[in-house]
Amino acid sequence: RNTALIATVAASSYTDSTGLSTNTSYTYIVGARNGFGIRNNSTSASNFTLAAQPTGLVATATSNSSMSLTWSNASNPAGTIIDVYRNSALIASVAASSYTDSPLSTNTSYTYIVGARNGQGLRNNSTSASNFTLAAQPTGLTVTSPSNSSISLSWSNTSNPAGTLIDIYRGGALIASVAASSYTDSPLSTN
């Protein structure tokens with residue numbers, strides 16, 4: 001390996017597994033030796049070891065339109081390329097241990113995988129991580145009193161996908177969760 005004798009075998013194959021580094025190129029020759037120890041060498045062949053699998057992938061929603069990804073790539077040499085996949089589609093290639101994906105849709109689930117690529121282009125993928133982007137803030141909240149024992153609330157929720165739950169709070173306490181753009185709070189005490 002790289003001009004150093006690493007083994008002598010009476011076989012037509014050998015697996016080199018000692019002292020190798022991840023995502024590193026190694027060059028090999030094999031030589032047939034006669035009874036006097038004179039060797040006739042092959043031409044050389046080179047290849048990269050696989051890159052180590054990135055670990056600890058975390059997807060964190062940073063807004064209603066972006067996701068922050070972090071992972072550890074400590075087992076690979078500096079400069080190892082990481083391919084970033086969202087929902088099975090390649091979205092970026094970086095030589096780093098973080099990436100921010102945007103723009104994204106609000107309140108939508110995304111699944112990510114990152115793969116460390118070796119010098120031959122072979123990838124070793126992480127386990128997946130999923131998360132939802134944040135929901136967009138409801139806007140235009142209006143409050144009306146249609147009776148002496150109820151209060152009606154309405155708002156705009158057009159920036160979120162259908163079915164987005166809206167939590168309703170009265171005095172700091174959660175009183176309802178609805179997939180709508182209005183709610184009537186009743187019965188309430190008069191005055």
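Is Asp-185 buried or exposed? Asp-185 is buried, with a relative accessible area of 8%. Keep that residue in mind. We will come back to its partner.

One caution before we go on. This is a predicted model.

Let's start with the whole protein. It has 191 residues, and 25% of them count as buried. The secondary structure is quickly told: zero helices and 17 strands. Now look at the overall outline. The C-alpha atoms fill a box of roughly 110 × 25 × 25 Å along the principal axes. The radius of gyration is 30 Å, whereas a compact globule of 191 residues would come in near 16 Å. The accessible surface is about 11700 Å². Carbon and sulfur atoms account for 50% of that surface. What about contacts along the chain? Take those between residues at least 6 apart in sequence: 52% of them join residues at least 24 apart.

Next, the inside. The largest nonpolar core has 16 residues. Which of them touch the most other members? They are Leu-57, Met-67, Leu-69, Trp-71, Val-84 and Tyr-112. Five strands each supply at least two residues of this core: β5 (55-61), β6 (67-72), β7 (81-86), β8 (89-94) and β10 (109-117). The largest share comes from β10, with four residues.

Find Val-84 in the structure. Leave aside its neighbours within four places in sequence. Val-84 is then in contact with Leu-69 and Trp-71, among others. Its contacts also include Ala-89, Leu-90, Ile-91, Ala-92 and Val-94. Further along the chain come Tyr-99, Ile-113 and Val-114.

There is also a second, separate core, of seven residues. Among them are Trp-155, Ile-166, Ile-168 and Ala-176.

Now the charged pairs. Side chains of opposite charge can pair when their charged atoms come close. How many salt bridges are there in this model? The count comes to five.

Pair one is Asp-83 with Arg-117. Their closest N and O atoms are 2.8 Å apart. Asp-83 lies in strand β7 and Arg-117 in strand β10, so this pair ties together parts that are 34 residues apart in sequence. Asp-83 counts as buried, at 3% relative accessibility. Arg-117 is partly exposed, at 27%. A further residue joins in here: Asp-83, Arg-117 and Arg-123 are linked in a network of salt bridges.

Pair two is Asp-101 with Arg-86. Here the closest N and O atoms are 2.6 Å apart. Asp-101 sits in strand β9 (residues 98-101) and Arg-86 in strand β7, so the bridge ties together parts 15 residues apart in sequence. Asp-101 is buried, at 2% relative accessibility. Arg-86 is partly exposed, at 22%.

Asp-185 and Arg-170 meet in a salt bridge, 2.6 Å from N to O. Asp-185 is in strand β17 (residues 182-185) and Arg-170 is in strand β15, 15 residues apart. Asp-185 is buried, as I said. Arg-170 counts as partly exposed, at 42% relative accessibility.

Let's move to a loop. Where is Thr-164 found? Thr-164 is in the loop between β14 (150-156) and β15 (166-170). Why does Thr-164 count as buried? Because its relative accessible area is 4%, and buried means under 20%. The side chain of Thr-164 makes a polar contact of 2.9 Å with the side chain of Asn-107. That side chain of Thr-164 also reaches the backbone oxygen of Pro-161, at 2.7 Å. Not counting residues up to four places away in sequence, Thr-164 touches Asn-107, Ala-135, Asn-157, Val-178 and Ala-179.

Last stop: the start of the chain. Asn-2 lies in the segment before β1 (25-28). It is partly exposed, at 39% relative accessibility. Which residues does Asn-2 touch, not counting those up to four places away in sequence? Ser-25, Tyr-26 and Thr-27. Look at Tyr-28 as well. Asn-2 and Tyr-28 are 26 residues apart along the chain, yet their C-alpha atoms are separated by 6.2 Å.

To recap, this predicted model has zero helices and 17 strands. Its largest nonpolar core holds 16 residues, and the salt bridges number five. Thank you.

Methods:
Residues numbered from 1 in each chain as written. Predicted model: local features only at pLDDT ≥ 70, side-chain atom pairs only at ≥ 80, totals over all residues. Heavy atoms only, no water. Core = buried A, V, L, I, M, F, W, Y, C linked by side-chain atoms within 4.5 Å. Buried < 20%, exposed > 50% of the residue type's maximum accessible area, 1.4 Å probe, protein only. Contact = heavy atoms within 4.5 Å. Polar contact = N/O pair within 3.5 Å; in protein donor to acceptor, adjacent residues only side chain to side chain. Rg over C-alpha atoms; globule rule 2.2 N^0.38 Å. Areas by Shrake-Rupley, 256 points an atom, 1.4 Å probe, with all protein chains shown as cover. Salt bridge = Lys/Arg side-chain N within 4 Å of Asp/Glu carboxyl O.
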